[in-house]
Amino acid sequence: MSGHLVLLGPPGAGKGTLAKRLSQELGFLHLSTGDVLRAEVAQGTELGRQAKEYMDRGELVPDELILAMVRSRVAGEKKVLFDGFPRTLAQARGLEEFAPVSRVVFLSLAREEVIRRLSSRRVCLQCGALYNLLTQRPREDERCDHCGVKLVQRDDDKPEVIARRYDVYERESAPLVDFYRARGLLVEVDASLPPEEVYQRVRRALS
Ligand SMILES: [Zn+2]
């Protein structure tokens, strides 16, 4: 596939893993808004300084600023995989102006499954190792493989917090899904399937 790709999907759908593999195997430049923001701020560019002012005040960085940063980052790139961007319709429309996408992969996953997956995460507070009771179990029940201490659930991984995050995600992404579907660019892939099957379906959709 040539051209740019957008990945949409809720937290827990496996976007990160999929993005990494697609970039390695198909040669996409993997770009998340967070990475772009951090790089601009770290380099102290004019855009980065402006963005930091919003972030320091705990405000959202405005669409125009995000777009300007993405635009400067993708200049000259032929195959970019956008992960976590665009987040708003304004961003999607802005992106069309300088880097039209040729395909949008929407990883769909039901709210209950997102909650089930993410609330299974555990962390070791001693060494920081991450586990998932569904997919990456510790050897001993709920204890760290390295330190042997009892694993804990982070507040962010509590079901009620995940449910709120999902609702925010759904409110933000529904208009984007409609926007790209109307343009005939959307490919929906069921993210509840095993990861390898999800990957193969995405590959087929891109070929
Ligand atoms: Zn540990």
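**Notebook: sheet order and two residues**

I began at one end of a pairing: in β7, D190 is the bridge partner of S108. The model is predicted, and I read everything below with that in mind.

**Entry 1, the β4-β7 pair.** I then looked up the strands around that bridge. β4 and β7, the latter covering residues 186-190, pair in the parallel sense. I found five bridges between β4 and β7.

**Entry 2, the other partner of β4.** I moved to β1, residues 4-8, and checked it against β4, residues 101-108. These two strands also run parallel, over five bridges.

**Entry 3, β1 and β3.** I followed β1 to strand β3, residues 80-83. The pairing of β1 and β3 is parallel, with three bridges. Here I noted V6, which stands opposite F82 in β3.

In what order do the five strands of the open sheet come? I read off β2-β3-β1-β4-β7, with parallel pairing.

A51 sits in helix α3, residues 46-56. Is A51 buried or exposed? It is buried, because 22 C-beta neighbours lie inside 10 Å, and the cut-off for buried is 20 or more. I listed its contacts, leaving aside neighbours within four places in sequence: L37, E40, V41, V61 and L65. I also looked up I66, 15 residues from A51 along the chain. The C-alpha atoms of A51 and I66 are separated by 8.1 Å.

Next I checked a loop residue. S120 lies between α6 (111-118) and β5 (121-123). How many other C-beta atoms lie within 10 Å of S120? I found 17, so S120 counts as partly exposed. Buried would need 20 or more, and exposed 12 or fewer. Leaving aside neighbours within four places in sequence, S120 is in contact with N132, L133 and L134. Last, I looked up S120 and S192, which are 72 residues apart in sequence. Their C-alpha atoms are 15 Å apart in space.

Technical notes:
Residues are numbered from 1 along each chain as its sequence is written. This is a predicted model: local features need pLDDT of at least 70, side-chain atom pairs count only at pLDDT 80 or more; totals for chains, interfaces and linings use all residues. Two strands pair if DSSP finds at least two bridges between them. Helices (H or I, at least four residues) and strands (E, at least two) are DSSP runs, numbered from the N terminus. Two residues are in contact if their C-beta atoms, placed from the backbone, lie within 7 Å.
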